[in-house]
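This report is written for a reader who is meeting the structure for the first time. Please keep the sequence and the 3D view at hand while reading.

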Amino acid sequence: MKAKEYIAARTAKELQDGDVVNLGIGIPTLVVDYLPRDVRVFVHSENGILGVGPSPGPEHADADLVNAGKLPVTVEEGSSFFDSAASFGMIRGGHVDVTILGTLEINQRGQIANWAVPGKAVLGVGGAMDLLEGAGKVIVATMHTNKDGQPKIVKETSLELTSLRPVDLIVTELAVFCVRDGRLRLIELAPHSTLEEVRQKTGAEFDIEWRENMETKGV
Amino acid sequence: MAKIIDAKEAVALIKDGDCLMVGGFGLVGCPLTIVNELSQSHAKDLTIISNNLGEPGKGLGVLVLQKRVKKAIGSYFTSNPDVVQANQKGELEIQLLPQGTLAEAIRAGGAGIGGFYTPTGVGTKLAEGKERKLINGKEYLFEPSLRADVALIRAYKADRLGNLIYRKSSRNFNPMMATAAATVIAEVDEIVDVGALSAEEIVTPHLFVDYLTVKGECRL
């Protein structure tokens with residue numbers, strides 16, 4: 001399984017039956033492909049859809065039916081459409097259970113910077129700040145390092161923060177961290193990664209709090 | 001009762017220096033027939049409240065290339081490099097708002113509310129210069145509401161009174177914009193007889209709508 005698919009599959013395990021989930025662009029959109037059969041979630045798209053279904057084939061695309069990434073989607077039975085004010089009322093008002101987002105960087109306290117691209121004019125924010133503010137649980141699903149191989153998890157980010165609120169969980173191709181009391185806690189290693197590799201590719205301090213069956217891996 | 005006009009007559013209602021609200025999330029739900037007609041007209045120094053400014057050379061993006069937009073208020077302009085360039089050259093002022101704050105500012109403007117406090121953006125770059133207030137121990141930012149001279153919106157069907165229904169995710173900002181401008185022009189696929197739309201399905205009641213324009217062949 002490739003890195004991005006692994007991240008999506010691992011993130012999918014965090015979702016519970018009945019969750020209302022908002023998915024960011026990129027890896028997060030893959031997550032629903034890996035849901036177990038007995039878990040049904042309701043995908044919320046901030047441009048005004050609850051109940052987003054799989055993407056249609058090109059021949060079935062409807063110009064009036066897109067997700068927040070402006071890609072054609074379908075809707076499931078029981079879906080609904082609403083305006084942007086209602087949609088962000090759902091988000092800010094705490095009615096969306098989980099949001100899964102990508103990020104540029106994450107600091108040592110679990111705060112993310114995912115809107116202002118370095119070196120470019122800061123002219124787009126979209127719904128990122130509202131989602132960080134209001135979603136019940138925030139999961140970051142991201143590659144562990146950026147395109148230049150540099151850590152995305154750093155002590156302090158020089159990029160503009162999206163919110164003061166820390167995220168709840170970080171899932172990468174190497175590891176899973178949770179954030180509690182303003183500290184990163186490594187809770188799981190991916191099957192082929194090692195603690196040494198995670199330390200080497202992480203630019204921040206973290207505690208170790210193994211969950212599940214990590215002891216049996218001999219780490 | 002809403003008056004039925006063509007796109008040329010719609011554009012004639014827009015004056016130099018006007019503030020416009022234009023519906024749409026990208027090009028989805030944008031009244032492209034009227035916007036295309038606007039690009040053939042001469043109204044300039046426009047302030048445009050819209051989530052985006054079209055795409056390169058498409059929709060509102062054409063007005064940007066024509067240097068007729070003085071200021072834009074929206075949430076996501078990075079998808080159109082022409083907007084970024086115009087801003088860097090100092091030709092286009094941009095006010096960036098989180099998308100939920102933008103939507104709520106328009107809703108509030110149409111509902112007679114002067115402004116509101118939102119927690120979104122507290123502690124970020126977008127909080128700079130905004131009044132902060134603690135409410136029940138939580139910090140909020142003040143955001144004034146938005147209104148416009150003219151709203152150009154997109155709906156699916158209208159009846160002759162001006163009642164509107166929308167289609168799928170093209171609804172987005174349109175219903176709020178219908179409430180928040182002195183003059184509201186709705187571009188629709190079709191105008192049907194009064195009574196043909198069920199009272200239960202009407203999203204925008206006719207009292208908000210001044211003019212109806214039937215969508216033409218869109219040049220994209």
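## A salt bridge between the chains

In this predicted model, A:D64 forms a salt bridge with B:R167, and the closest N and O atoms are 2.9 Å apart; a salt bridge here is a side-chain nitrogen of Lys or Arg within 4 Å of a carboxyl oxygen of Asp or Glu.

## How the model is read

Residues are numbered from 1 along each chain as its sequence is written, and chains are lettered from A and ligands numbered from 1 in the order in which they are written. Local features need pLDDT of at least 70, side-chain atom pairs count only at pLDDT 80 or more, and totals for chains, interfaces and linings use all residues, with side-chain values using heavy atoms and leaving out hydrogens and water.

## The interface

The contact (heavy atoms within 4.5 Å) takes 34 residues from chain A and 41 residues from chain B. Together the two chains bury about 3,000 Å², of which 62% is on carbon and sulfur atoms; buried area is the accessible area, taken with a 1.4 Å probe, that two parts lose on being put together, summed over both. A:D64, A:K70 and A:L123 supply 22% of the area that chain A buries against chain B, more than any other three residues.

## The loop with A:L71

A:L71 is placed in the loop between β3 (49-53) and β4 (74-81) of chain A, the strands being DSSP runs (E, at least two residues) and the helices likewise (H or I, at least four), numbered from the N terminus. Leaving aside its neighbours within four places in sequence, A:L71 is in contact with A:L65 and A:V66. A:L71 and A:S55 are 16 residues apart in sequence, and their C-alpha atoms are 8.1 Å apart in space.

## A salt bridge within chain A

The side chains of A:E209 and A:R185 also meet in a salt bridge, at 2.7 Å from N to O. A:E209 lies in the segment after β12 (207-208) of chain A and A:R185 in strand β11 (residues 183-189) of chain A, so the pair ties together parts that are 24 residues apart in sequence.
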